[in-house]
Amino acid sequence: MRLSRFHLHTSKETPAEAEIISHKLMLKAGMIRKLAAGLYTWSPLGLRVLRKVERAVREEMDAAGAIELLMPTIQPQELWEETGRWEKFGGQLLKIKDRKEAGYCYGPTAEEVITDFARSELASYKQLPVNFYNIQTKFRDEIRPRFGVMRAREFLMKDAYSFHLTEEDLGREYRNMYDTYGRIFQRLGLKFRAVFADTGAIGGSASHEFHVLADSGEDAIAFSSGSDYAANVELAQALAPGARAAASEQMRRIDTPVQKTCEDVAALMGIDLARTVKSVALTGEDADGQPQFVLALVRGDHVVNEIKLAKLAGLGNYRLATEGEIDAHLGSEPGFLGPVAPRAPIRVVADRSVAAMADFVVGANEKGFHLAGVNWGRDLPEPDEVADIRNVVEGDASPDGQGTLSIARGIEVGHVFQLGRKYAEAMQCTVLDETGRASVPLMGCYGIGVSRIVAAAIEQNFDANGIVWPEAMAPWHVAVCMINPKNDPAVSDAAQALYDELNAAGIEAVLDDRGLRPGAMFADIELIGIPHRVVVSERGLASGSFEYRHRRASEAENLDRAALLARLG
Ligand code: ATP
Ligand code: MG
Ligand code: MG
Ligand code: MG
């Protein structure tokens, strides 16, 4: 590529709206341009990097035996109704109507679509195991899109879905994907950790998240000094010795059950009822094994999910309450789960800590509104009263009894799940097993945030002058810069020849033939993070050398052609 023919649009200004370094540098380097909240155009430069990530992901997935396909971004409502997620998925689901008033959503993930594909395409055990993946745009109507493409609304995800007849086979593929993810992130030059994760609302038996370590990360992860134990902090806290006891002590019930109206509860908690719009209802067991029903009524601008609620309420063995159970507990008062009915009686089995979160846990009216993947501190304020329950702190004993825990910040770039039969069962997907019986397959799902990785990589690879791309993600590997080419045609000839030679040798080079002054040219090349810079100048040519500098090196060195090619090859 000749830069004079490319669209490079860098900026000296540090954009005021950007809070973290990757967002700042992506804007300054002109990699992305904001269209609207959480929506970005990838410039030609940004796209080159995005494609590099995509390529690494695709090649490793292919090598691991997964098979690529491409699913639509728009998904029909009926499919989501089959799994109950049309209601349950929550506000992140962007719902759309076509001209015939038929309902659709913009896919935030594709379990329904792939299960639909599987039920019509997979008939026999002979077609299993199989792992389908696609790299496709997703949309999630995030409450707080921020940090540029790090938490966008429209983003690029690699999502894979595998189908199996036995638990062992699912476990084998899960391990295969776990190892593949390690290879992908290593190849991309990222410092990362795999951690145990909550399976949350998606359910299933096993789950790991892959985190790129960075101080700006929105998640906290805990890992042990004495073993391989690593978990996201929410899970570490749930598993930590003593956590349960501490939780039930804090969660001592104050009033069981309380018969109140929405208005009473609102008054008690100082909440504006008009702003209360969501609910989470759980049934589970308290610390003494007694069955309990807990209803969290959530203010409109906050969210809470079942994992958090169960933790706060000290519930074990919990699940989402069914509509029938909710009705039974609410005295079947019509209207309560419809629009807020101030006088509707609600029986809140409230506990002190839930009450203490008065700022956000109160009344609700939307049926089945549950959000998964909610992080404290980011999506919810940190309620003081429960801080010591949730937080695992640096130096705590590791839950496996080996060593102590360190806490680090992480950016979730990948997530693998064993889903079990949940989706296949709900959608009546079966295959014939060896004995000719219809069998519901087990599924695994495996996601990677392709576009988020671009930002995450910058969080780990930058300096005062800009981005320092890991080799595998660089838009080009070498920049050939010509100094004052107009003064001496030999300079531009030599630069062009070197550029041709590098590309012929399979080394991705870009020729900076824009005719900028050296200072401005070098500033751009450093800002956009090209790993290797070669300067072709009149003086260098006179002494038969090229000035070479690695992006991470403090000094340039003069190399003759052979030494230069050896260095770059
Ligand atoms: P998060 O906890 O950051 O909201 P998630 O757990 O909701 O992510 P998954 O459902 O596990 O996300 O999706 C798979 C991957 O997609 C994530 O590991 C992440 O890398 C990426 N991803 C999810 N949401 C976004 C987003 N809003 N913007 C960019 N990438 C995202
Ligand atoms: Mg998450
Ligand atoms: Mg999320
Ligand atoms: Mg996740």
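**Strands, helices and a buried alanine**

Author: Strand 24 and strand 26 run parallel, and five bridges join them. This is a predicted model, in which local features need pLDDT of at least 70 and side-chain atom pairs count only at pLDDT 80 or more, while totals for chains, interfaces and linings use all residues. Residues are numbered from 1 along each chain as its sequence is written, with chains lettered from A and ligands numbered from 1 in the order in which they are written.

Reader: What makes strand 24 and strand 26 a pair?

Author: Two strands pair if DSSP finds at least two bridges between them. Strand 24 and strand 26 have five bridges, so they pass. One of these bridges sets Met482 against Val536 in strand 26. The strands themselves are DSSP runs of E with at least two residues, and helices are runs of H or I with at least four, numbered from the N terminus.

Reader: Why are strand 25 and strand 28 called edges?

Author: The open sheet has five strands in the order 25-24-26-27-28, with mixed pairing. Strand 25 (509–512) and strand 28 (557–559) have a single partner strand each, so one side of each lacks a neighbour in the sheet. On average, neighbouring strands here are turned by 25° against each other, direction ignored.

Reader: Why is strand 26 described as largely enclosed?

Author: A residue is buried if 20 or more other C-beta atoms, placed from the backbone, lie within 10 Å of its own; 12 or fewer means exposed, and in between is partly exposed. Five of the five residues of strand 26 are buried, so the rest of the structure largely encloses this strand. His532, Val534 and Val536 point one way, Arg533 and Val535 the other.

Reader: Which helices lie across strand 26?

Author: Helix 16 (residues 489–504) lies across strand 24, strand 25 and strand 26, at about 170° to strand 24. Angles run from 0 to 180 degrees between N-to-C directions, with axes fitted to C-alpha atoms, for helices over the stretch in contact.

Reader: How do you know that Ala118 is buried or exposed?

Author: Ala118 has 24 C-beta neighbours inside 10 Å, so it counts as buried. Ala118 is found in helix 5 (residues 111–121).

Reader: What does Ala118 contact beyond its neighbours within four places in sequence?

Author: Contact means C-beta atoms within 7 Å, placed from the backbone. By that test, Ala118 touches Phe163 and Cys429.

Reader: What describes the packing of helix 2 and helix 6?

Author: Two packed helices are described by the angle between their axes and the distance between the axes. For helix 2 (residues 44–63) and helix 6 (residues 167–187), the angle is about 145° and the axes are 10 Å apart. Ala56, Val57, Glu60 and Met61 in helix 2 meet Thr180, Arg183, Ile184 and Arg187 in helix 6.

Reader: What makes strand 4 and strand 5 edge strands?

Author: Three strands form an open antiparallel sheet in the order 4-6-5. Strand 4 (74–76) and strand 5 (94–97) each pair on one side only. Strand 4 meets strand 6 (residues 103–106) over three bridges, where Ile74 stands opposite Tyr106.

Terms used
Two residues are in contact if their C-beta atoms, placed from the backbone, lie within 7 Å.
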